[in-house]
Amino acid sequence: MKTVDADDYDDLVQVESPHISPDSERVAYVEKRPTDEERYEATIHVASFGGADSRRFTIAEGVDSEPRWSPDGEFLAFVSTRGADDDRPQLWVLPVDGGEARQVTSVGGGVSGLEWSPDGTKILFTQAVTALDCEEGRDLAAEPGFEPDAPDPRVIDRMIYRAGTEYLDGKRAHVYVLDVERALETEDDRASAIERLTGGNADHVGPTWGDSETVYYARKAVEDDRSPDDSVTFDLLEHDLESGAIEAFAETTGWVDSLWATADGRVAYPYASEDRLTLAQSQIRVYDRETGAETTPTEPLDRDLAHDGHVEWGPDGELLYFTAPDEGSVVCYSVPGDASEPPTPVYGEGVTVEDFSVGLDAIAFVQSEWDHPGDVFATTRGGNEATRLTRVNDAYLTDRAVSQPEEVWIDGDEGPIQGWVLTPPTFDEDETYPLVVEIHGGPHLQWTAAGTMWYEFQALAAAGYVVFWCNPRGSTGYGEEHMTAIERDWGDVTLSDVLAGVETVCEREYVDESEAYVTGGSFGGFMTAWAVTRTDRFRAAVSQRGVYDLTGFYGSTDAFKLIEGDFGTTPWDDPDLLWKHSPVARVADVETPTLVVHADRDYRTPANTAELFYLGLKKHGVDTRLVRYPREGHELSRSGEPAHVVDRIERIVRWFDGYSSHRETPPALERGRDEGLSAGKQGGAEDGTSESEAPTT
């Protein structure tokens, strides 16, 4: 039987964005798959709760996303790049019972954040545009072929001037409403169907409907002379479409990207204490516009909200549904909006709920488990046994040997630590295997037995390694005390728990204790570097997308609040503390062969600190290389170009293989740049030259 190999990535389908139809009989969702070395296609499919096979609803052209049913179920709105000369997504509307999809916007900034009005006559959306775009009307309709000119020179006035993989170049997020009937009547004057609701030099986020004439959104607050980019305070605004009146009714602090409202004026929003912004667990607060009462219904639950997790009111407007990490699972909870009862788990124990949609009498969700990377499932709103609606990777998995992770609990310095052990699919208990240790990012995230790492963990196991991963202190899912244990000490606390897990796993007879390897991305890259500067326990290491100098990171990232929150300081207040807790400060102590992997357009953990760490390794004679991926950002491992996703895993395996007595291959430094690799053969990446996203690290 075949195994899950690194170059199988092209055969895997990802499932995203479920949305239940108003009658709760169908669910729309997105299937995404690689089409070539650089691109993906994503199409919208619809599955029936009645058990019929799902069918594709949109043509295979470009990338479709955000399927949203109209309240009467007659239309499906979605965002797509189809037919575009650029990557700016536009809004399309498709008649469900037959007919062609119609493009109804041609805006200059692209469309995201769709939401139908309760009466089905309008659609909310957001786009990021410049003041000049607004002045010249390109935010309502851009001319065909419009491409913004790159600034030359680029003059920067903002503190946060780039994010994701792009420079912001003066763009601010604004809120728009589209008149659906008018948009469908004309293609010649698309601008006439769109109204911009916001303006000014501030970002407006999270728009949502109350009733059909009321929109709520959040605006980044400007406090005295403080830059909006330095503020974590948001004003919550009510916008009356009929009168045009805008009223601020509350404020919140934290990482706000969505609001959720009911027709009778109860608005839910995320909140985190500014005093412990990155350490305190996020909550959901609810403000009642009629009474002025404010509640925090999630407060009794000692769990953080899921990173990038979804929140939604149930159809009766009484219960809020949300996801939260819980001891290696991502669980869907419900809670009354008035906080009259504590949160109750609905579904998800032992699995990973990645996204969901609440219908009249059902919940549809994307769920991944140890034996598949993700499918659409459904359960009742009470959380009975789930029904699997799709099997998008069955053809691939039918003849693949997939290993099942074993849950383990490790005795850490301050209490038990949860982890998992994955053995090769051809496992023989009489043989011995090298060990790969994976460390997660965040730092305040958790890993599970499935989720986004399914493909990477299975590929490493198929390459002949035992794989171990855990949720050391600092992780979410185990309560606030566990999460905040790394305050002002990312490295030693985390490493203590990881090494405790390594020694526990190495007690197994089939693990070669002399051959442990370590890797991780983002904060996991920080920890990989921290490990090799503190111990020679690992035979080789691969540090990916990491943070190596906290001061350099603070000055170049869009997530500098992570340093202020977790370390309680800035480079001006306590430079010695930040240097002491930077891996590069002890690069002279490294003896472990270390491959450094980074993305050229990673503006969350910019490449400058990786370059410093790599240079230090070279200066001190350590076996090392710097691999840089052009066009990629911080999400390289999860949504990078298909060839790069494959290449990265193959280079990790090749680097470890070169130092293993279980392999008969020379070190990567003694081989051709692309020898033994199936993708990315343009050359030039591996000598450090180019081949041509709450903040977490």
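A cavity is a set of points where a 1.4 Å probe fits but cannot get out. In the predicted model described here, the largest cavity holds about 60 Å³ of space. The lining of this cavity consists of Trp 370, Pro 405, Leu 422, Thr 448, Ala 449, Ala 450, Met 453, Trp 454, Phe 457, Gln 458 and Trp 469. By class, the lining residues of the largest cavity comprise nine nonpolar, two polar and no charged residues. Helix α4 supplies three residues, the largest share of this lining. Rolling a probe the size of a water molecule over the atoms shows where empty space is left.

The chain contains 13 helices and 40 strands. Buried residues account for 60% of its 697 residues. Along the principal axes, the C-alpha trace spans about 70 × 60 × 55 Å. The radius of gyration of the chain is 25 Å, which agrees with the value near 26 Å that a compact globule of 697 residues would have.

Helix α4 covers residues 454–462 and is mostly covered, with eight of its nine residues buried. The buried residues are Trp 454, Tyr 455, Glu 456, Phe 457, Gln 458, Ala 459, Leu 460 and Ala 461. Among them, Trp 454, Phe 457 and Gln 458 also line the largest cavity. An α-helix has 3.6 residues a turn, so residues three or four places apart point the same way. After α4 comes Gly 464, where phi is positive and near 100°.

Strand β34, at residues 415–422, is likewise mostly covered, since six of its eight residues are buried. Leu 422, which belongs to the lining of the largest cavity, falls within the residue range of β34. Which strands pair with β34? Strand β33, residues 406–412, pairs with β34 in the antiparallel sense over seven bridges. Two residues lie between β33 and β34, and the two strands form a hairpin. Strand β36, residues 466–470, also pairs with β34 in the antiparallel sense, over four bridges. Gly 419 of β34 takes part in both pairings: Val 408 stands opposite Gly 419, and Gly 419 stands opposite Cys 470 in β36. Trp 469, another lining residue of the largest cavity, falls within the range of β36. Strands of a sheet pair through backbone hydrogen bonds, either parallel or antiparallel.

In one, four strands follow the order β16-β17-β18-β19 with antiparallel pairing. Its edge strands are β16 (204–209) and β19 (246–253), each of which pairs on one side only. Strand β17, residues 214–220, runs antiparallel to β16 and is joined to β16 by four bridges.

Strand β8, residues 90–95, is joined to β9 by two bridges, and the two strands run antiparallel. Within this pairing, Val 93 stands opposite Arg 102 in β9.

Open space is represented by the second largest pocket, with a volume of about 410 Å³. Of the 24 residues that line this pocket, Gln 103, Ser 106, Ala 142, Glu 143 and Pro 144 are the closest to its centre. The lining of the second largest pocket divides into eight nonpolar, seven polar and nine charged residues. In the lining of the largest cavity, by contrast, no residue is charged.

Is Glu 318 buried, partly exposed or exposed? This residue is located in the loop between β24 (311–313) and β25 (319–326). Glu 318 counts as partly exposed because its relative accessible area is 44%, whereas buried means under 20% and exposed over 50%. Between Glu 318 and Ala 463 there are 145 residues of separation in sequence and 50 Å in space, C-alpha to C-alpha.

How values were computed. Residues are numbered from 1 along each chain as its sequence is written. This is a predicted model: local features need pLDDT of at least 70, side-chain atom pairs count only at pLDDT 80 or more; totals for chains, interfaces and linings use all residues. Side-chain values use heavy atoms; hydrogens and water are left out. Buried means under 20% relative accessible area, exposed over 50%, partly exposed in between (1.4 Å probe, protein chains only). Two strands pair if DSSP finds at least two bridges between them. On a 1 Å grid over the protein atoms alone, a cavity is a set of points where a 1.4 Å probe fits but cannot get out, and a pocket is an open set with protein on both sides within 12 Å along at least five of seven lines; lining residues have an atom within 4 Å of a point. Grid points are joined across faces, edges and corners, and a volume is the space filled by probe spheres set on the points. Ala, Val, Leu, Ile, Met, Phe, Trp, Tyr, Cys and Pro count as nonpolar, Asp, Glu, Lys and Arg as charged, and the others, Gly among them, as polar. The radius of gyration is taken over C-alpha atoms; the globule rule is 2.2 Å times the number of residues to the power 0.38.
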